[in-house]
Amino acid sequence: MEALLDNAGPLLQGLLTTLWIAAVAGVGALVLGVLVAAARVSPVPVLRGVAFGYVQLFLNVPLLALLVLFVFALPDVGLLMPLATTVVVVLVVYEAAYVAEAVRSGVNTVSLGQAEAARALGLTFVQSLRLVVLPQAVRAVVQPLGNVLIALVMNTALAAAVGVVELTSATNKVNLVEAQPIPIFAGAGVLYMLVALTIGLLSGVVERRVAIAR
């Protein structure tokens with residue numbers, strides 16, 4: 001416990017970096033994921049094909065491999081970004097695939113009759129999707145989206161592998177100095193757990209507030 005208290009500053013700085021990466025990447029993944037989900041249910045075959053390929057690509061490639069590719073390979077072709085920005089970009093495109101699948105499952109819960117009624121009222125496909133289908137679909141998958149965000153927070157730990165000093169990296173640095181791995185890493189684990197519990201509780205509250213009465 002003394003090792004934790006003596007190094008509270010670096011650990012909290014690492015936690016803030018983790019929260020910053022998770023927050024920015026979470027917003028980006030939600031926006032991109034909804035767009036990909038909309039493309040997956042669109043009547044345009046090319047859009048459906050591109051969205052399907054996108055989802056399959058990022059569901060089946062390890063996140064660490066993507067991080068290494070973006071950090072160490074893209075500079076060879078002239079694409080340079082700060083490490084933290086690169087990690088955020090990778091997390092956005094990776095987690096967006098999971099968000100898209102969650103939202104698509106929500107779209108499947110909306111009855112076909114509602115979409116047909118919207119079209120009968122004169123709404124275009126985009127309008128019926130934006131005004132009728134997607135709002136209900138997202139409300140139906142609040143908890144799964146919360147789970148995706150929790151997974152995103154855990155995945156930020158992989159940023160340590162490419163040199164970003166977030167919570168896991170800061171914990172490792174502290175342990176290299178203090179040589180007390182059990183209390184130090186247990187403390188970091190408790191911080192990750194508190195963040196995950198907070199997201200889980202908030203998503204539960206939001207789910208109850210926006211639940212669709214059937």
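Me: Between which two helices does the loop with Ala179 lie?
Reply: We're looking at a predicted model, where local features need pLDDT of at least 70 and side-chain atom pairs pLDDT 80 or more, while totals for chains, interfaces and linings use all residues. Numbering runs from 1 along each chain as its sequence is written, and side-chain values use heavy atoms, with hydrogens and water left out. Helices here are DSSP runs of H or I, at least four residues, and strands are E runs of at least two, numbered from the N terminus. On that basis, the loop with Ala179 sits between α9 (167–178) and α10 (181–210).

Me: What phi does Ala179 have, and is Ala179 buried or exposed?
Reply: Ala179 isn't a glycine, yet its phi is positive, at about 55°. Buried means under 20% relative accessible area and exposed over 50%, with partly exposed in between (1.4 Å probe, protein chains only). Ala179 comes in at 59%, so it counts as exposed.

Me: How many helices and strands does the chain have?
Reply: Read along the sequence, the pattern goes α-α-α-α-α-α-α-α-α-α. The C-alpha atoms fill a box of roughly 70 × 45 × 20 Å along the principal axes. The count is 10 helices and zero strands.

Me: What share of contacts between residues at least 6 apart joins residues at least 24 apart?
Reply: For context, the chain has 214 residues, and 39% of them count as buried. Of the contacts between residues at least 6 apart in sequence, the share joining residues at least 24 apart is 77%.

Me: Which residues make the nonpolar surface patch of about 350 Å²?
Reply: Patch residues have over 30% relative accessible area and no salt bridge, with nonpolar side chains (Val, Leu, Ile, Met, Phe, Trp, Tyr) joined within 5 Å and like charges within 9 Å; a salt bridge puts a side-chain nitrogen of Lys or Arg within 4 Å of a carboxyl oxygen of Asp or Glu. One member, Val50, is found in helix α3 (residues 45–59). At 56% relative accessible area, Val50 is exposed. The patch is made by Val44, Val46, Leu47 and Val50.

Me: How much of the chain's accessible surface belongs to carbon and sulfur atoms?
Reply: The accessible surface totals about 11300 Å², using the Shrake-Rupley method with a 1.4 Å probe; for residues, only the protein chains shown count as cover. The carbon and sulfur share is 71%.

Key. Contact means heavy atoms within 4.5 Å.
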